[in-house]
Amino acid sequence: MTNPFSLEGRRALVTGANTGIGQAIAVGLAAAGAEVLCAGRRASDETVAMVRDAGGRADSVLVDFADPMAGQGLFDGQGIDILINNAGIIRRNDAVEFTEEDWDAVIDVNLKALFFTTQAFAKAVLAQGGQGAVVNIASLLSFQGGVRVPSYTAAKHGVAGLTKLLANEWAAKGINVNAVAPGYIVTNNTEALRADPARSQAILDRIPAGRWGEASDIAGAAVYLCTPAARYVHGAILNVDGGWLAR
Ligand code: NAP
C-alpha cells in the first residue's frame, strides 16, 4: 500500500535550516523520507547531525539571502523537488523612526530573495519535467498589522500574496505552492518579545492553546503540504498558531 504522507525519493531544500522553524522542518522532512539540503548563511551542522543521527540524509550549503539573487543556479541539475522558503529576519522600531536600511534588509531577505529563489526552483523543476512543492513560511503578520515591524509586516503580507499568485501560475504545471503561517513560536525571532514580561504575558493570554508554540509544532504542516496527500492543495495559507486567529 502506498503511503500518501511519504516523501521517500524526494529531495528538499530548506532555507535558514540551522536553527528554529527551519531546523524543525528539515528534521520533519527527513523523517518523512526526504533527503534534505540545508541552505543558510551559516553551516547547518547541528541540523545535519540531528537528521543523520535519526538515520536520515542531509547536507548543508552556504547561501546568504541578503543578496536576493543568491539562489540563482542553486537548483540546476540537483533534482530538488521541494523548496521550503523559511529564512527570514525581523527589525523592530517605531514607524516614525524606521530606517531605509531596516526596510531594505527585511524586504530583501523575506520577500525579494523568496521570490527569486522560488523562480530559480521552478525553472529547474519545469526543465526536469517533474512535480514540485513550495512551502513559504508566512506569519500572523501576513494577516494582521503588528506593531513596530513595518518592513516585516509588508514582507509577510507580500509572501501571502505571492503564494497565491504562484499557485495560480503553476498549479496546472505540477508545482504546488502553499504557505504555513506560524503563530508565536519560541525561536531567536521572538527573543525580544519574550524578554518583555508584559508583552509576553499579553501574547500568551490570547493564545487559546495556552502556550507559545515550539518550532516542532510547525514541521507537520509544512511536511504535509509537500506530500502527495496535499496534491490538490494550491495557494493555501495554513495557520499553525494555537488558535490565535480564531480568537
Ligand atoms: P530564527 O531562529 O531567527 O531563524 C531564521 C533563519 O533564517 C535562521 O536560520 C537564519 O540564519 C536564517 N537567515 C536569516 N537571514 C538569512 C540570510 N541572509 N541568508 C540565509 N539565511 C538567513 O527564527 P524563526 O522563528 O525560526 O524564523 C523562521 C521563519 O519563520 C522566518 O521566516 C520568520 O519570519 C517566520 N516566523 C517566525 C515566527 C515566530 O514566532 N518565531 C512566527 C511567524 C513566522 P542565522 O541563524 O544565521 O540568523
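This is a predicted model: local features need pLDDT of at least 70, side-chain atom pairs count only at pLDDT 80 or more; totals for chains, interfaces and linings use all residues.
**First stop: the ligand and its shell**

Select the ligand, and then the residues around it. There are 29 such residues, and those that come nearest are N18, R41, R42, Y152 and T187. Colour this shell by residue class: 13 of its residues are nonpolar, twelve are polar and four are charged.

**Second stop: contacts with the ligand**

Show the side chain of N18, where an N or O atom is 2.5 Å from an oxygen atom of the ligand. Next, show R42; its side chain likewise has an N or O atom 2.5 Å from an oxygen atom of the ligand. Then turn to D64, which places a polar side-chain atom 2.8 Å from a nitrogen atom of the ligand. The ligand on its own has 880 Å² of accessible area, and the protein covers 95% of this area.

Which helix gives the most to the lining of the largest pocket? It is α3, with four residues. The helices α1, α3, α4 and α5 (191-194) each supply at least two residues of this lining. By class, the pocket lining has 21 nonpolar, 16 polar and ten charged residues.

**Last stop: the cavity**

Rolling a probe the size of a water molecule over the atoms shows where empty space is left. How many cavities of 30 Å³ or more does the count give? The count comes to one, and the largest cavity has a volume of about 60 Å³.

To find the largest cavity, select its lining: T15, F65, N85, N86, A87, V109, A113, L114 and T117. Helix α3, which spans residues 100-127, gives the most to this lining, with four residues. Colouring by class shows five nonpolar and four polar residues in the cavity lining, and no charged ones.

Finally, keep α3 selected while displaying both spaces. This helix gives the most to the lining of the largest pocket, and α3 also gives the most to the lining of the largest cavity.

How values were computed. Residues are numbered from 1 along each chain as its sequence is written. Side-chain values use heavy atoms; hydrogens and water are left out. A residue is near a molecule or strand if one of its heavy atoms lies within 4 Å of it. A polar contact is a pair of N or O atoms within 3.5 Å; within protein, one must be able to donate a hydrogen and the other to accept it, and residues adjacent in sequence count only if both atoms are side-chain atoms. Accessible areas come from the Shrake-Rupley method with a 1.4 Å probe; for residues, only the protein chains shown count as cover. Ala, Val, Leu, Ile, Met, Phe, Trp, Tyr, Cys and Pro count as nonpolar, Asp, Glu, Lys and Arg as charged, and the others, Gly among them, as polar. On a 1 Å grid over the protein atoms alone, a cavity is a set of points where a 1.4 Å probe fits but cannot get out, and a pocket is an open set with protein on both sides within 12 Å along at least five of seven lines; lining residues have an atom within 4 Å of a point. Grid points are joined across faces, edges and corners, and a volume is the space filled by probe spheres set on the points.
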